[in-house]
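Subject: Structure for you to look at

Hello,

Here is the structure I said I would pass on. Please open it beside this message and follow the residue numbers as you read.

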Amino acid sequence: MKRKVTKAVFPVAGLGTRFLPATKSIPKEIMTLVDRPLIQYAIDEARAAGIKEFIFVTSRGKGALEDYFDHSPTLEEALRSAGKDELLAILNRTDMESGAIAYIRQHKPMGLGHAVWCARRLIANEPFAVILPDDVIAAETPCLQQMAEAYEETGGNMVATMEVPHEKTKAYGILDVDRDLGDRVLIKGMVEKPTVEEAPSNLAVIGRYILTPRVLHNLDQNLKHNRLGAGGELQLTDAIAEEINGQGVYGYRFKGQRFDCGSKAGFLQATVSFAMARPELRDEFMDYLVDLVAMREAAQ
């Protein structure tokens with residue numbers, strides 16, 4: 001019987017250098033899309049998938065991220081006294097139960113695989129999810145929930161995947177497909193950031209994973225024997241690829257739109273898209289965008 005996935009790792013130790021100077025004092029993960037920080041979108045998605053334990057792999061300077069999920073008695077009382085029940089309900093959705101979140105420090109920037117490895121003792125011998133908050137996915141059914149439902153049928157390891165332009169394969173982990181099963185693909189190989197010529201497909205790994213504890217063992221062995229991957233880092237892709245002939249690895253074609261909020265362009269695209277999805281903002285925001293485009297065209 002396959003065990004349900006109830007633990008998730010959130011690698012949030014990055015410095016967010018692409019968003020300097022903002023990230024000099026603000027963790028990138030609490031930068032907001034409309035009125036919710038990136039990390040809140042990730043937490044909400046995890047909750048929808050049945051996650052009960054949230055493991056954050058952090059680094060120095062991430063104190064504001066930890067404070068975000070704490071209770072704020074002064075603010076709560078102010079809202080309650082003012083009769084602002086709607087805002088109080090929104091605020092309460094950001095609170096986490098005592099013991100639900102654990103924070104682990106990653107002392108060296110050694111890659112995604114190393115960040116996941118840092119959480120190994122809290123995961124122990126259970127399947128677990130990994131969510132990269134930079135990848136925000138707008139979907140009717142949250143992406144990780146889609147994957148969890150598919151995992152109930154397949155077991156093994158599963159990575160979210162989507163097609164990317166061939167010229168961009170060098171920025172992703174890329175899948176080598178054995179069998180195409182529709183929304184799932186059985187994988188016979190994975191390559192981290194290949195050149196365009198070496199890429200076996202244009203199916204890229206996106207920041208959602210459901211993994212077996214064997215992957216943690218592989219990471220541990222690769223680190224002990226200094227088997228580092230692309231960029232001289234401990235690569236999660238390499239550790240997953242070692243399971244292809246064991247417990248199996250699937251790519252899952254999720255239904256939804258992914259935004260790369262680790263880039264400025266992707267963050268702005270997500271901001272526009274999420275604003276347009278809000279009924280109370282849509283009309284006013286659309287009017288502004290139409291006027292802006294008209295002004296730009298007139299200026300040219």
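This is a predicted model: local features need pLDDT of at least 70, side-chain atom pairs count only at pLDDT 80 or more; totals for chains, interfaces and linings use all residues.

Residues are numbered from 1 along each chain as its sequence is written, and side-chain values use heavy atoms, with hydrogens and water left out.

The cores

A nonpolar core here is a set of buried Ala, Val, Leu, Ile, Met, Phe, Trp, Tyr and Cys residues joined through side-chain atoms within 4.5 Å. Buried means under 20% relative accessible area, exposed means over 50%, and partly exposed lies in between (1.4 Å probe, protein chains only). Nonpolar side chains tend to be buried together in soluble globular proteins.

The largest nonpolar core has 40 residues, and Phe-10, Ile-39, Phe-54 and Phe-56 have the most contacts inside it. Among the elements that give it two or more residues are strand E1 (7-11), helix H1 (38-48), strand E4 (53-58) and helix H7 (143-154). H7 supplies the largest share, six residues. Helices (H or I, at least four residues) and strands (E, at least two) are DSSP runs, numbered from the N terminus.

What does Phe-10 contact, leaving aside neighbours within four places in sequence? Its partners include Ile-39, Ala-42, Ile-43, Phe-54, Phe-56 and Ile-131, where contact means heavy atoms within 4.5 Å.

A second, separate core has 31 residues, including Ile-104, Ala-115, Phe-128 and Met-190.

The backbone

The peptide bond from Leu-20 to Pro-21 is cis, with omega near 10°. Pro-21 sits in the loop between E1 and strand E2 (32-33).

Ala-124 is not a glycine, yet its phi is positive, near 55°. Ala-124 lies in the loop between helix H6 (120-123) and E6 and is partly exposed, at 48% relative accessible area.

Asn-226 also has a positive phi near 55°. Its place is the loop between helix H8 (213-224) and helix H9 (236-241), and it is exposed, with a relative accessible area of 57%.

A residue in E11

Not counting residues up to four places away in sequence, Val-205 touches several residues, including Val-159, Tyr-172, Leu-175 and Met-190. Glu-192 is 13 residues from Val-205 in sequence, and their C-alpha atoms are 9.3 Å apart.

Regards
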